[in-house]
Every structure is written in C-alpha cells, then in structure tokens.
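Q: I'd like a close look at one part of this model, and then at what surrounds it. Please keep it brisk.

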Amino acid sequence: MEFARGDVGNLPYLDSSFDCVLSLNGLHAFPNKMAAFRETYRVLKKGGTFTGCCYIKGQNRVTDLFVRAFCVPMGFFTPPFDTAESLEERLRSMYREVKVTRTGAFAGFVCRK
C-alpha cells in the first residue's frame, strides 16, 4: 500500500492500475465530483472494487443545516451534493455491481467494475 497526495480529478496513474479504490469521506469534499468519479473508474482494473462513504443530502435536516452553515463556508465540503438516490444512480451507471447502504446522512458503497 502506498499513500500519495494529488488531485483526484487528474490521477497520475495508468488506466486499470488498481484492484481497489477507497474513498472515505472524500466525494462530498472534492470540487469536481464528476472528474473524481471518472478518474477513480479509469484507474480501477476490470473486476476491481470501488468502495467508500460520503455525505448525502436530504436524509437529516440538522446535518443538512450544519453542512450548509458550517462545512461549506469553511471549505470542508463542496456542493453540489448527491442524494441517496442520485448517488446510487450515478454508481449504477458506471459499475456492474453496486451496493449502497445508508446511515443517517452518510452513504457507504461497494461497487465492482
């Protein structure tokens, strides 16, 4: 395992180079979410796993308020944010197997390319 710092929207890796891509609490923070989804898919090998978790809007009013009033102004989270349904739809449009679980205002996911 190797940790590297970089731009998730422009990963410096070859296509199909990883067996697993892990994104813990990252998707809601990335400024260009579409680029992040595209790049994580690109670097994942066929049959590989994309797994992680992220904030989803519309599940808890207090959490949504906290995100809008604190997390976004402080630069910790970057809109737009997925709902549970839009996250699952996006993942299903890219991956052949998708499992999404929800816990409050967060979704966990495991996808197979």
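What is the relative accessible area of S16, and does that make S16 buried, exposed or partly exposed?

A: S16 is partly exposed, with a relative accessible area of 37%. Keep in mind that this is a predicted model. S16 sits in the segment before β1. Its backbone deserves a look too. The phi angle of S16 is near 55 degrees, a positive value in a residue that is not glycine. Most residues other than glycine have a negative phi.

N25 gives a second case of positive phi. N25 also has a phi near 55 degrees, and it is not a glycine either. N25 belongs to the loop between β1 and α1. At a relative accessible area of 41%, N25 counts as partly exposed.

Now stay with the segment before β1 and look at a side chain there. D15 and R42 form a salt bridge, with N and O 2.7 Å apart. D15 lies in the segment before β1 and R42 in helix α1, so this pair ties together parts that are 27 residues apart in sequence. D15 is exposed, at 53% relative accessible area. R42 is partly exposed, at 22%.

The side chain of E39 meets that of R42 in a salt bridge of 2.9 Å, N to O. These two are 3 residues apart in helix α1, so about one helical turn separates them. E39 counts as buried, because its relative accessibility is 9% and the cut-off for buried is under 20%.

R96 and E97 form a salt bridge, with closest N and O atoms 2.8 Å apart. R96 is exposed, at 54% relative accessibility. E97 is partly exposed, with a relative accessible area of 40%. Shared partners join D15, E39 and R42 into one salt-bridge network. The structure holds 6 salt bridges.

β1 covers residues 18-24 and belongs to an open sheet of 4 strands. The strand order is β1-β2-β4-β3, and the pairing is mixed. β1 and β3 (97-103) are the edge strands, and each pairs on one side only. On average, neighbouring strands in this sheet are turned by 5 degrees against each other, direction ignored.

β1 pairs with β2 (residues 44-55) in the parallel sense, over 6 bridges. C20 stands opposite T49 in β2. L22 has T51 in β2 as its bridge partner. The chain passes from β1 through α1 to β2, and this β-α-β crossover is right-handed.

Helix α1 itself spans residues 33-43. It lies across β1 and β2 and runs at about 145 degrees to β2. Helix α3 (residues 84-94) packs on the sheet as well, touching β2, β3 and β4 (106-112). The direction of α3 makes about 165 degrees with that of β3. The buried residues of α1 are K33, A35, A36, F37, E39, T40 and V43. They pack against β1, β2 and α3.

D64 lies in helix α2 (residues 61-71). D64 is buried but has no salt bridge. Its nearest side chain of opposite charge is R68, 5.0 Å away. A salt bridge needs the nitrogen within 4 Å of a carboxyl oxygen, so R68 does not qualify as a partner of D64. Leaving out residues up to four places away in sequence, D64 touches Y55, I56, K57, G58 and Q59.

Finally, one more backbone feature. The peptide bond from P79 to P80 is cis, with omega near 5 degrees. P80 is found in the loop between α2 and α3. Most peptide bonds are trans.

Back to the starting point. S16 is a partly exposed residue with positive phi, placed in the segment before β1. D15, in that segment, carries the link to R42 in helix α1.

How values were computed
Residues numbered from 1 in each chain as written. Predicted model: local features only at pLDDT ≥ 70, side-chain atom pairs only at ≥ 80, totals over all residues. Heavy atoms only, no water. Pairing = 2+ DSSP bridges. Axes fitted to C-alpha atoms, helices over the stretch in contact; angles between N-to-C directions. Contact = heavy atoms within 4.5 Å. Buried < 20%, exposed > 50% of the residue type's maximum accessible area, 1.4 Å probe, protein only. Lys, Arg positive; Asp, Glu negative; His and termini not counted. Right-handed = clockwise from strand over helix to strand, strands pointing away.
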